[in-house]
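Hi,

Here is the structure I promised to send over. Have a look at it first, and then read on for what I found in it.

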Amino acid sequence: MKRAAALFAAVLLAGAAAPALAEPPPAPDRPLADPADEARARALFGDIRCVVCQHESIADSPAGIAADLRGLVREQIAAGKTDDEIKADLLRRYGDYVLFQPPLRIGTWLLWFGPFALAAGAGVVLVLRARRRGTGEAAPLTPEEERALAALTADDENA
């Protein structure tokens, strides 16, 4: 009975502590004053991957780090940086994976050409397997096999 009470108390304590351990909601975004700059920022948001969610852009992600990245992009736009400079800064901070379309260089060849190489390799394997099977014609029977076949078919006709 004491174990059940202790377990119940531990579950209640964990449930009470869970909200305190949760990530606080991000501060609301403050758009840029210039509508053209804000449109440019929103276009960049779609190209940048959330480093927490990894399948969403920072425009769609509710994560706190995505809100921080949106703020960083807006700050850099307000500071007069170009899109390429902003992307280069993000690549420096977070690596190639932060962009949905990483730059083409030796380190990212696998990301860009890996799927095509995998499909080509599968095609080669399928062609080789098809050739190995041949035309499907069986080799001619040896005289001994023909006699055995004749004996089997003769037994079937007599039955």
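Start with helix α2, which covers residues 35-47: arginine 42 and glutamate 38 both sit in it, 4 residues apart, or about one turn of the helix. Keep in mind throughout that this is a predicted model. The two side chains form a salt bridge, with 3.1 Å between the closest N and O atoms. As a reminder, side chains of opposite charge can pair when their charged atoms come close.

Glutamate 38 has another partner too. Its side chain meets that of arginine 74 in a salt bridge, at 2.7 Å from N to O. This pair links distant parts of the chain, since glutamate 38 is in helix α2 while arginine 74 is in helix α3 (residues 64-78), 36 residues apart. Are these two buried or exposed? Both glutamate 38 and arginine 74 are buried.

One more bridge is worth a look: aspartate 47 pairs with lysine 87, and their closest N and O atoms are 3.6 Å apart. Because aspartate 47 lies in helix α2 and lysine 87 in helix α4, the pair ties together parts that are 40 residues apart in sequence. Both ends are partly exposed: aspartate 47 has 35% relative accessibility, and lysine 87 has 23%. As for Glu38, Arg42 and Arg74, salt bridges with shared partners join them into one network. In total, the structure holds 7 salt bridges.

Now the nonpolar side of things. The largest nonpolar core has 18 residues, and the ones that touch the most other members are Ile48, Ile58, Val73, Ile77 and Leu90. Helices α2, α3 and α4 each supply at least two residues of this core, and α3 gives the most, with 5 residues. In soluble globular proteins, nonpolar side chains tend to be buried together. Leaving aside residues up to four places away in sequence, isoleucine 77 touches Leu32, Asp37, Arg40, Ala41, Leu44 and Ile86.

Arginine 93 lies in helix α4, residues 83-94, and it is partly exposed, with a relative accessible area of 43%. Which residues does arginine 93 touch, not counting those up to four places away in sequence? The answer is Leu72 and Gln76. Arginine 30, on the other hand, is in the loop between α1 (2-21) and α2. Arginine 30 is exposed, with a relative accessible area of 73%. Arginine 30 and glycine 71 are 41 residues apart in sequence, yet their C-alpha atoms are 7.9 Å apart in space.

Then there is the stretch around helix α5. Leu104, Ile106, Trp109, Leu111, Trp112, Phe113 and Phe116 form a nonpolar patch on the surface, with about 820 Å² of accessible area together. One of them, tryptophan 112, lies in helix α5, which spans residues 109-133. Tryptophan 112 is partly exposed, at a relative accessible area of 32%. UniProt, in an unreviewed entry, lists residues 109-128 as "transmembrane region". What does the model show over residues 109-128? The chain there is 100% helix and 0% strand, with the end C-alpha atoms 27 Å apart.

Finally, the overall picture. Buried residues make up 19% of its 159 residues. The protein exposes about 12100 Å², and carbon and sulfur atoms supply 63% of that. Among contacts with a separation of 6 or more, 49% are between residues 24 or more positions apart.

Cheers

Note on methods:
Residues are numbered from 1 along each chain as its sequence is written. This is a predicted model: local features need pLDDT of at least 70, side-chain atom pairs count only at pLDDT 80 or more; totals for chains, interfaces and linings use all residues. Side-chain values use heavy atoms; hydrogens and water are left out. Patches are made of residues with over 30% relative accessible area and no salt bridge: like charges are joined within 9 Å, nonpolar side chains (Val, Leu, Ile, Met, Phe, Trp, Tyr) within 5 Å. Accessible areas come from the Shrake-Rupley method with a 1.4 Å probe; for residues, only the protein chains shown count as cover. A salt bridge is a side-chain nitrogen of Lys or Arg within 4 Å of a carboxyl oxygen of Asp or Glu. Buried means under 20% relative accessible area, exposed over 50%, partly exposed in between (1.4 Å probe, protein chains only). Contact means heavy atoms within 4.5 Å. UniProt positions are given in the numbering used here, feature names are shortened, and annotations may be inferred rather than shown by experiment. A nonpolar core is a set of buried Ala, Val, Leu, Ile, Met, Phe, Trp, Tyr and Cys residues joined through side-chain atoms within 4.5 Å.
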